[in-house]
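Keep the structure open beside you and look up each residue as you read.

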Amino acid sequence: MAPMDLRSVLLEIHSALREASIAHALIGGLALAAHGAGRATSDLDLLADGDRADDIDRILREHGYECLLRNDYVANYVAATPERGRVDFLFAQLARGRAMLVRAAHHTILGAQIRVADAADLIGLKVQSSS
């Protein structure tokens, strides 16, 4: 099975979200790399404005992704081909999540200038997901 083409998917999804003016920031393994702590990853993880969840769903479907799970807090999408892989969203609904979007800073990741969650926020998300 071919690995996910993270660069291609990142550029495509980031561009589509940016064109739709949807606030978003990279989280997960790729975000750690922006902070100098590289970690193997096999998917794309994004924090996004929860008020735009319907728009995000439409965009991902238009780009050939199937929704595996969606609720008020998260959404998981998978493509039919392994190269397109999986894209997961954490929706910023509350003040803390929205503040993470505000604190996110621009970094160059795989050729894309994209906002990346602050390192302390990434640690907090990891701790929360492990609880």
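## A histidine in helix 1

Start with His 14, which sits in helix 1, the stretch covering residues 6-19. This is a predicted model, so please read every value here as computed from that prediction. Is His 14 buried or exposed? Its relative accessible area is 8%, and because anything under 20% counts as buried, His 14 is a buried residue.

What does the side chain of His 14 touch through a polar contact? Its partner is the side chain of His 24, at 2.8 Å. Setting aside neighbours within four places in sequence, the contacts of His 14 are His 24, Ala 112, Gln 113 and Ile 114.

## Aromatic rings side by side

Now turn to the aromatic rings. How many aromatic pairs does a search of the whole structure find? The search finds two. One of them joins Tyr 77 and Phe 89: the ring centres are 6.2 Å apart and the planes stand at 90°, so this pair is edge-to-face. Tyr 77 belongs to strand 4 and Phe 89 to strand 5, so the pair ties together parts that are twelve residues apart in sequence. Tyr 77 and Phe 89 are both buried.

Phe 89 also pairs with Phe 91, with ring centres 6.3 Å apart and planes at 15°, so here the rings are stacked. Together, Tyr 77, Phe 89 and Phe 91 make up one aromatic cluster. Phe 89 has a relative accessible area of 3% and is buried, and Phe 91, at 4%, counts as buried too.

## A valine in strand 5

Stay in strand 5 and find Val 87. Its relative accessible area is 0%, so Val 87 is buried. Which residues is Val 87 in contact with, leaving aside its neighbours within four places in sequence? They are Val 9, Leu 44, Leu 46, Leu 60, Tyr 65, Ala 75, Asn 76 and Tyr 77.

## The largest pocket

Next, look for the largest pocket, which holds about 860 Å³ of space. Its lining is made of 32 residues, and those lying nearest its centre are Ile 27, Leu 90, Leu 125, Gln 128 and Ser 129. Sorted by class, the lining has 15 nonpolar, nine polar and eight charged residues.

Which element gives the largest share of this lining? Helix 5 does, with eight residues. The elements that each supply at least two lining residues are helix 2 (29-34), strand 2 (44-49), strand 4 (74-79), strand 5 (86-92), helix 4 (95-103) and helix 5 (119-130).

## Two residues with a positive phi

Backbone angles are worth a look as well. Most residues other than glycine have a negative phi. Ser 21, however, is not a glycine and has a positive phi near 55°. Ser 21 lies in the loop between helix 1 and strand 1 (24-27), and at 60% relative accessibility it counts as exposed.

Leu 110 also has a positive phi, about 50°, although it is not a glycine. Look for Leu 110 in the loop between strand 6 (105-109) and strand 7 (112-116). With a relative accessible area of 36%, Leu 110 is partly exposed.

## Two glycines to finish

Where is Gly 28? You will find Gly 28 in the loop between strand 1 and helix 2. Its relative accessibility is 17%, so Gly 28 counts as buried. Gly 28 and Thr 41 are 13 residues apart in sequence, and 8.0 Å separates them in space, C-alpha to C-alpha.

Gly 124 lies in helix 5, and with a relative accessible area of 36% this glycine is partly exposed. Between Gly 124 and Asn 71 there are 21 Å in space, C-alpha to C-alpha, and the two are 53 residues apart in sequence.

Note on methods
Residues are numbered from 1 along each chain as its sequence is written. This is a predicted model: local features need pLDDT of at least 70, side-chain atom pairs count only at pLDDT 80 or more; totals for chains, interfaces and linings use all residues. Side-chain values use heavy atoms; hydrogens and water are left out. On a 1 Å grid over the protein atoms alone, a cavity is a set of points where a 1.4 Å probe fits but cannot get out, and a pocket is an open set with protein on both sides within 12 Å along at least five of seven lines; lining residues have an atom within 4 Å of a point. Grid points are joined across faces, edges and corners, and a volume is the space filled by probe spheres set on the points. Helices (H or I, at least four residues) and strands (E, at least two) are DSSP runs, numbered from the N terminus. Ala, Val, Leu, Ile, Met, Phe, Trp, Tyr, Cys and Pro count as nonpolar, Asp, Glu, Lys and Arg as charged, and the others, Gly among them, as polar. Buried means under 20% relative accessible area, exposed over 50%, partly exposed in between (1.4 Å probe, protein chains only). A polar contact is a pair of N or O atoms within 3.5 Å; within protein, one must be able to donate a hydrogen and the other to accept it, and residues adjacent in sequence count only if both atoms are side-chain atoms. Contact means heavy atoms within 4.5 Å. Rings of Phe, Tyr and Trp (its six-membered ring) pair if their centres lie within 6.5 Å; planes under 30 degrees apart count as stacked, over 60 as edge-to-face and the rest as tilted.
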